[in-house]
Amino acid sequence: MTAFATTPLLTAEAVVRRYGSLVAVDRVDLRVADGERHALIGPNGAGKTTLLDLIGGATRVDGGRIRFDGRDITRLGPARRARIGIGRIHQRPAVWPSLTAVENVVVAGWHQAGGFRGVRTRARYRRRLREPAMALLDRVGLAGVASTTAAHLSHGERRQLEIAMALAGRPRLLLLDEPAAGLSGVEVHRLAELLAELPRDVSVLLVEHRLDLVYALADTVTVLHDGRLVTSGEPDEIRNAPAVRRAYAEAVR
Amino acid sequence: MMLQAARVLGPVDPYLIPALDGVAYGLLLFVAASGLVFCFGVANILNLAHGLLYAIGAYLAAALLDGGWGSLLLALGVGTLAAAGAGGLLAGLLAPVARRDHLTQALLTFGVALAGGALLVTAFGPDSLPVRIPAALDRSVEVAGHRYAAYRLVFIGVAALIAVLLWLAVAKTRAGMLVRAAVDDADMVACLGVNPARIRLGVLGAAGALAGAAGVLGAPIIGPAPTTGDTVLLLSLVVVVLGGLGSVQGTLLAALAVGEIQSLGVALAPTAAPFLLFAAMALVLAVRARGLPGRFLRLRPGGST
Amino acid sequence: MTPAARRWLVRAGGVGLLLVAIALPWSVDAYTTSLFARTLVLGLVGVSVALLTGLAGLPTLGQTGPYAAGAYASALVAMHVSSVGVVQVLTGAAAGALFALLTVPLVVYARGVVVLMITLAIGELTVTAAGRWTSVTGGTDGLAGIPAIQPVWGMAPLASDRARYLYTLVVVGVVIAAMVMLLRTPAGLLLRASRDDEARTRASGHRVTGYLAVTFVGAGAVAGIAGSLLITAQQYVSPADFGFDVSALLLLGVVIGGAASIGGAIVGTALVIAVRDWLSGLLPGYAPLLLGGLFVLTAYLFPRGVAGFSTELANLVRSRSRGRTGPGDRPGTGIQGRPSRGEPVGAAPVSSGETR
């Protein structure tokens, strides 16, 4: 399919998730290659967020298996998956409201900096946690509000903060769940830039309704409908695929 | 026949009476604690004044009982109504803070418990009071070769009847269905258009009635004294912790277990009873440990979880 | 007021209070001094309650448990082993920590009001056990005739109420200073993050349950030290020192003091204890009634709930926050502020019976 197909970082094989009689994700196969930007699209209720939950470990699969970096992670909890390199950004920004922006990044990057061993002395704490956190804030454009408590940040700023937090965990795969939701035009533009600038050692799996953002960023686009995989391919193929149009039209009808 | 039974029981024999006491004690705790379970499970209120409701019943029993059957019925009626009224009053007091956190509610109900306890002591004096049960029951009967207080036997019967009625009410009636729904998902019940203030009033009133009835009937077992409220609250809490929430069967089992620990446990190892309660709590919580908050609140009524 | 000015004001207030506390025994009689010593002891227990309730998000009614364990252990050591203060304080800390270690599995998996329930049961059972275990604790009569303490080896025993008060003040001061320093380290960050949003903290790879367990044991040690100081201050101990009313008073004091603040916990607890003692002196017999009224009043007086109030207060005190929008828009992160697992992140925790 794409140039990345040879070295998969993440593979989901026939994963299934049921809620009662509803099959939210129905035997979906997914491959995300090293460095790939992979977008998941589909109408509401297609199972996109559920699939992200399954990969991030927030919910467990009812069938199938998930591999990450050659390792079976089907049974691992979200914390373990975070530690082995799967970062996540939620639909509603999940930050710690009573911590300042920089503290948020510090706590998020704690384990990558060596945990408690990394904070044994004040100098070490500065070097290993605080300074990298400030650098990350600078990168997402939040250096000016580093010591503002997260509760006092705007929605868009919290989204940026969450990206910094996810990056602090040095993820190899970043799961983004509708990062543009609720952002203003300017903020969406800044977000697109930020995502485009992400280094290629981070792979991205993105769920997004803004198709302009998807087509601008993605190497591969996968379309879900009613919990099933409809098709997968390069943005240009997907844009014109009749199956995709049908899926969306059906959802609208 | 009796003698034979005694001989067969052999080594168990000395513990028969404490075990029977444990059943009486456990059933009493069940009736007392079920009100607390409803408060918490349905209205999401930790009612620290629950022991006070029991004490109201117990004190009224001591004041009204004169050794006749009529007085027992009178005390049961008055005690149940008074405690239900106190529960309703508490619901009214809670109304202004209903949207606040649990801690506010806990402080409020504790304040009511403290003030109410003080009022009871002012009214009835600081000593524990004797309770005069009907003369017909104030004697002992023979159980497997032992003398046993007739009142306690009758109490076991009555309390068991209350337990069955309670189970039927929760399992079979419309109100019971609402109760089960609220334990499962309070928000959903709100969506059905039931006024939360009325739920609170109903639940606290019902809890008061149960606790008051327990207080009147149980006065000869856990009698009226300044510490009564605390004792009943503590044991009810342990029952709730052991039994999970929202399940009548779970509460019953837990109450019986606590009753046995408190009487059989004391008979077997006199100083160990409080430690045994600790151990029981530790055991149950350890078994349920993972995912406790979710499961704890969402145990299905009558469920096998 | 600028944050710097506010910080300065808080510090000045703290220093002023400390000076008053030091000068106190020279301005009142011996009995009042011993009363203050006991108030200080309860203040330290209050600090351990605040540590759990406000900082770790585990509202507790059971710190009387480790408090009692520390007190009885110290009393036994004082009577049979050593009258040296250092030994007794360490014994108290160890006993309190051990108690907490034994009860931590009961508490650490529960949240919110269930914690209140379980800790209340733990505290009450401890009192019952203390009353029954006559051979060790002296039962309901308690342990009397505890010898006077000598703070360190070679020092003369403290004979006056003033000396014992000052000893108590020094130990309380050292413990609180140590706690404040610990909480200022990044470890304090982790605790606050866990309280803010447990699921999110877990998702970042943190072992929240472990942090809570460590905090619980630490709070137990602090309460145990307070227990050892109780022995010094009143040279007598009985189950009545650890009753349900004591737990509730502590919680009330901590709530008034702002739940998440250590200084607030001491001041709030001292205030509540002083009101109790004043009431029982003023109107003997009616104290519980009036105190009950005080609880009810407190519950009504805080417009956004006590948790909301304490959050506001914490916001005011934590001067590093640069309030760009008012504190009012802040999501509820108070005492009940630990969202249960699976709850949408950032949702304001409202008691679920009332969200309509």
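pLDDT is the predictor's confidence in each residue, on a scale from 0 to 100. Keep that in mind, since what you have open is a predicted model. For the model as a whole, the scores are ipTM 0.77 and pTM 0.81.

**Stop one: colour chain C by confidence**

Select chain C and colour by pLDDT. The chain averages 80, and 83% of its residues reach 70 or more. Now pick out residues 303–310 of chain C: here the pLDDT is below 50, and the stretch has 27 contacts in the model beyond near neighbours in sequence. Residues 315–356 of chain C also have a pLDDT below 50, with 108 contacts beyond near neighbours in sequence.

While you're on chain C, select Gln235(C). You'll find Gln235(C) in the loop between helix H10 (208–234) and helix H11 (244–257) of chain C. Its phi is positive, about 50°, although Gln235(C) is not a glycine. Most residues other than glycine have a negative phi. Is Gln235(C) buried or partly exposed? With 18 other C-beta atoms within 10 Å, Gln235(C) is partly exposed, because a residue needs 20 or more to count as buried.

Where they meet, 12 residues of domain 1 of chain A are in contact with 10 residues of domain 2 of chain A.

H6(A) gives the most, with four residues. Coloured by class, this side of domain 1 of chain A shows seven nonpolar, two polar and three charged residues.

**Stop three: the sheet in chain A**

Switch to a cartoon view of chain A and look for six strands in an open, mixed sheet, ordered E6-E7-E8-E3-E9-E10. Strand E6 (86–89) and strand E10 (228–233) of chain A are at the edges; each has a single partner strand, so one side of each has no neighbour in the sheet. From one strand to the next, the twist averages 15°.

Zoom in on E6(A) and its partner, strand E7 (residues 173–177) of chain A: they pair in the parallel sense over four bridges. To see part of that pairing, select Gly87(A) together with Leu174(A), its bridge partner in E7(A).

Helix H1 (residues 48–56) of chain A lies across strand E3 (37–41), E6, E7, strand E8 (203–207) and strand E9 (220–225) of chain A, at about 150° to E7(A). Helix H5 (residues 155–168) of chain A lies across E6 and E7 of chain A, running at about 170° to E6(A).

One more pick in this chain is Arg27(A), in strand E2 (residues 22–33) of chain A. Arg27(A) is not a glycine, yet has a positive phi of about 45°. Arg27(A) is partly exposed, with 14 other C-beta atoms within 10 Å.

**Last stop: chain B**

Finally, select chain B and count its elements: 13 helices and two strands. Of its 305 residues, 54% count as buried. Among the contacts in chain B with a separation of 6 or more, 77% come from residues 24 or more positions apart.

How values were computed. Residues numbered from 1 in each chain as written. Chains lettered and ligands numbered in written order. Predicted model: local features only at pLDDT ≥ 70, side-chain atom pairs only at ≥ 80, totals over all residues. Contact = placed C-beta atoms within 7 Å. Nonpolar A, V, L, I, M, F, W, Y, C, P; charged D, E, K, R; others polar. Buried ≥ 20, exposed ≤ 12 C-beta atoms within 10 Å, placed from the backbone. Pairing = 2+ DSSP bridges. Axes fitted to C-alpha atoms, helices over the stretch in contact; angles between N-to-C directions.
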